[in-house]
Amino acid sequence: MVYEYADRTKKMKASEIRELLKITQQPEIISFAGGMPSPHSFPIKMIEKITDKVLEKHGAQALQYGPTEGLKELRELLIKRMRKRGIKCKLNEIIITTGSQQVLDLTAKIFFNLGDYAIVECPAYLGALTAFNAYQPNYIPISIDENGIIVEELEKKLKENKNKPIDFIYTVPTFQNPSGVTMSLERRKQILEIARDYDLLILEDDPYSELRYSGRPVPSIKSLDKDGIVLYTSTFSKILSPGFRLGWVIAGEEIIKKMVIAKQGADLCTNTFVQWIAEEYLRSGLIDKQIPKIREMYKRKRDLMLKALEKHFPEGSKWTEPDGGMFLWVTLPDKINTKEMFQEAIKEKVAYVHGAAFCVDGKGYNCMRLNFSNTEDDKIEIGIKRLAKIIKKRMK
Ligand code: PMP
Ligand code: G9A
């Protein structure tokens with residue numbers, strides 16, 4: 001039988017990161033590819049105790065369907081925690097989601113008409129492109145530098161595309177995936193103003209801001225938003241467990257209502273059991289004992305990677321020096337194509353994600369994303385040395 005798939009599947013593309021996971025899970029490969037937390041960041045013993053407690057206190061409720069909006073108890077605790085990030089919201093402005101990945105999907109679902117546009121960073125988080133693609137949007141890519149989105153380019157492209165139906169600007173302003181860069185406060189303010197002028201929403205994706213290892217915190221765009229034009233999403237994936245698939249979104253009540261309906265069709269509700277576990281993790285304050293440990297561990301890993309790059313990578317290559325998060329971005333000399341180089345890297349038992357995978361404008365082919373959170377300390381330099389060897393060979 002010839003299957004007649006819907007048109008929307010034509011733009012759907014397997015995430016290169018998800019595909020890579022299959023290769024890089026081989027134990028002998030040192031993988032800087034997947035954006036995974038360190039296995040040592042998981043508070044396994046703590047979770048064991050919390051799980052017993054949840055079953056004892058909330059057993060039947062934890063195993064039952066829950067409200068689509070998420071547990072009220074968890075949302076209330078998140079509202080308090082978000083104040084520390086400078087974000088004020090009410091109960092009807094926040095819902096729990098199945099990872100922040102679901103927020104990317106739901107946002108696309110409620111805003112994209114066929115033929116609509118989204119503004120994305122170049123490079124952008126690949127998982128967002130995977131989520132958006134199913135709704136067949138067009139992209140307007142905007143380059144970033146060490147201070148995030150280049151505002152002049154944003155303004156120029158907005159003028160050029162004045163009559164196009166653009167729904168939102170998608171950005172990961174803090175310790176961006178994939179580049180590791182953080183948008184400056186000045187740019188955040190400028191982008192907010194531009195979005196207001198052009199009647200655009202901003203989708204601010206913030207999984208990493210609590211993982212800062214150096215430099216001073218920068219306020220979220222949402223905390224600067226007086227007009228309700230920012231949809232803000234964050235997640236427990238990097239501060240507790242990605243396996244839990246637990247995130248949240250904060251937006252105006254009207255948008256939240258639409259999202260709830262869209263979510264009902266997707267999964268009815270987010271996993272109730274893990275919501276109760278997260279509730280206990282927050283309420284007991286265990287989260288604030290755990291995050292400093294994660295920060296310390298990742299700071300060490302970041303520094304090890306930066307040192308190894310400095311020591312082994314050839315002249316003509318450069319990289320970002322992120323103040324937090326889990327990634328850095330390497331730019332190699334123009335003649336090196338990192339996608340072509342990948343098979344060689346696998347032969348040498350090292351992996352990365354090639355830069356073009358994150359770029360909707362066909363750039364990034366000489367770049368690569370390196371994750372530093374998931375590799376054991378003593379493997380980081382070995383992996384970087386392997387990569388350096390292949391690059392040097394190609395440069396000859
Ligand atoms: N946004 C960004 C920028 C990410 O890096 C990730 C995952 N690494 C996600 C969203 C999705 O995270 P999750 O669904 O696990 O919350
Ligand atoms: O690698 C990333 O960017 C985050 C993880 C995504 C995934 O596991 O698909």
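Predicted model: local features only at pLDDT ≥ 70, side-chain atom pairs only at ≥ 80, totals over all residues.
**View 1. The shell of residues around ligand 1.** Ligand 1 has 13 residues around it. Those that come nearest are Asp205, Tyr208, Thr235, Ser237 and Lys238. By class, this shell holds four nonpolar, six polar and three charged residues. Helix H4, spanning residues 99–111, gives the most to the shell, with three residues.

**View 2. Polar contacts of ligand 1.** A nitrogen atom of ligand 1 lies 2.4 Å from a polar side-chain atom of Lys238. Gln101 places a polar backbone atom 2.9 Å from an oxygen atom of ligand 1. Asn177 has a side-chain N or O atom 2.8 Å from an oxygen atom of ligand 1. On its own, ligand 1 has 400 Å² of accessible area, and the protein covers 93% of that.

**View 3. The largest pocket and its lining.** The pocket contains about 630 Å³ of space. Its lining counts 27 residues. Arg18, Gln101, Tyr125, Lys238 and Arg245 lie nearest the centre of the pocket. The lining divides into eleven nonpolar, eleven polar and five charged residues.

View 4. Helix H1 (16–24), H4 and helix H5 (126–133) each supply at least two residues of the lining of the largest pocket. H4 gives the most, with four residues. H4 also gives the most to the shell around ligand 1.

**View 5. The shell of residues around ligand 2.** Ile17, Arg18, Gly34, Gly35, Tyr125, Asn177 and Arg369 surround ligand 2. Two of these residues are nonpolar, three polar and two charged. Arg18 and Tyr125 are also among the residues nearest the centre of the largest pocket.

**View 6. Polar contacts of ligand 2.** Gly35 contributes a polar backbone atom, 2.7 Å from an oxygen atom of the ligand. Asn177 brings a side-chain N or O atom to 2.8 Å from an oxygen atom of ligand 2. For Arg369, a side-chain N or O atom is 2.8 Å from an oxygen atom of ligand 2. The protein covers 83% of the 280 Å² of accessible area that ligand 2 has on its own.

**View 7. Asn177 beside both ligands.** The side chain of Asn177 has an N or O atom 2.8 Å from an oxygen atom of ligand 1. Its side chain also has an N or O atom 2.8 Å from an oxygen atom of ligand 2.

Definitions and conventions:
Residues numbered from 1 in each chain as written. Chains lettered and ligands numbered in written order. Heavy atoms only, no water. Near = heavy atom within 4 Å. Polar contact = N/O pair within 3.5 Å; in protein donor to acceptor, adjacent residues only side chain to side chain. Areas by Shrake-Rupley, 256 points an atom, 1.4 Å probe, with all protein chains shown as cover. Nonpolar A, V, L, I, M, F, W, Y, C, P; charged D, E, K, R; others polar. 1 Å grid on protein atoms, 1.4 Å probe; cavity = no way out; pocket = protein on both sides within 12 Å on 5 of 7 lines; lining within 4 Å. Points joined across faces, edges and corners; volume = space filled by probe spheres on them.
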